[in-house]
Amino acid sequence: MRRIFFLCNDGLKEDLRPRILRYVDLIFSSKIRTPTRDETAMYEAVAASVNSACLSRQVGASILSKDGELIAVGWNDVPKFGGGLYREDDQHTYNTSESRFLNHDHRCFLWKGGVCHNEDKRKSIINDICEKLYNSSIVKRGISKKDIEDILEGNGVDSLIEFSRSIHAEMEALISVAREGKNSLVGARLFTNTYPCHNCARHIVAAGVSEVLYIEPYRKSLAIELHSDSITENPKDSNINEKVLFRQYDGVSPKNYLKLFKSVNERKRDGKVTKKNPKTLIPLFNVPLDAMIDYELLTVDRLAKKEQSAAVRTEVKDD
């Protein structure tokens, strides 16, 4: 399903109406509307995520200062000596002494077999446990190693994340501010396309960030379980002024950022703002009004008719 915008309803009901009307203006391009700071920040975060070559997932983050200025972006990938992360440019480093291009890109897909080292390490731990159980005297006869693996499937080891070579997007964004040393993170707001893991969460708290906005959930995160004293997901928390608020993003979907905000029509005529007739406006998105199952049934019917026609042609040919 196409996500045009996100609407968070954890605040006052009175706030919903103006936000919905704004989205209607954007969808029909009926008025000049520009991005909010939050929408631009989340777009920057998602744009940064495509730099990631992580084999697991692409995550991006951005940070707005307390005054609302963009001060950092980050994505998840392998750190390199000297600061920062490996990038595509590192695959084409020119060595003047050897007069040739060298590949200094050591991200996981190019390093030691191109495997996910976090997953490889998790499997190694499970295999080690299975091996020790199998060779012990506590396992009944007739139980195979495969049986033990099946029993252990889905345990907590599958959720371990600390063996990854990549630094997380939120960490890179925070560290990039430290590398430059030009801004304070106290009171800053962090945007990320994925809910922070518990490792990033404690760094976010320690850095002085006041709020985190995210789009996608991350079930492995134990942020609230481990740091409920300093993190909350409830904007109405009685101790909200003493905790970092993790809340769902509210605004235009980053994937539709350019489509909704890049003007394709004239904004003025004869030096004045162009007036538009609401009755003649067409939405920017073609949203189907019928149920998805109706389209599926039509597709199945169309394919069935094609097969029937093909069968008839084959019979005629055989005759």
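The model is predicted, and its residues are numbered from 1 along the chain.

Phe 5 belongs to strand S1 (residues 5–6). The relative accessible area of Phe 5 is 31%, so this residue counts as partly exposed.

The largest pocket holds about 430 Å³ of space. It is lined by 25 residues, and those closest to its centre are Cys 54, Ser 56, Arg 57, His 168 and Tyr 218. Two or more lining residues come from each of helix H3 (117–134) and helix H5 (169–180). H3 contributes the most to this lining, giving 4 residues. Sorted by class, the lining of the largest pocket consists of 11 nonpolar, 8 polar and 6 charged residues.

The second largest pocket has a volume of about 290 Å³. Its lining is made up of 19 residues, with Ser 29, Lys 31, Ser 263, Arg 267 and Lys 276 closest to the centre. Helix H8 (residues 257–261) gives the most to the lining of this second largest pocket, namely 3 residues. By class, 7 nonpolar, 5 polar and 7 charged residues line the second largest pocket.

Conventions
This is a predicted model: local features need pLDDT of at least 70, side-chain atom pairs count only at pLDDT 80 or more; totals for chains, interfaces and linings use all residues. Side-chain values use heavy atoms; hydrogens and water are left out. Buried means under 20% relative accessible area, exposed over 50%, partly exposed in between (1.4 Å probe, protein chains only). On a 1 Å grid over the protein atoms alone, a cavity is a set of points where a 1.4 Å probe fits but cannot get out, and a pocket is an open set with protein on both sides within 12 Å along at least five of seven lines; lining residues have an atom within 4 Å of a point. Grid points are joined across faces, edges and corners, and a volume is the space filled by probe spheres set on the points. Ala, Val, Leu, Ile, Met, Phe, Trp, Tyr, Cys and Pro count as nonpolar, Asp, Glu, Lys and Arg as charged, and the others, Gly among them, as polar.
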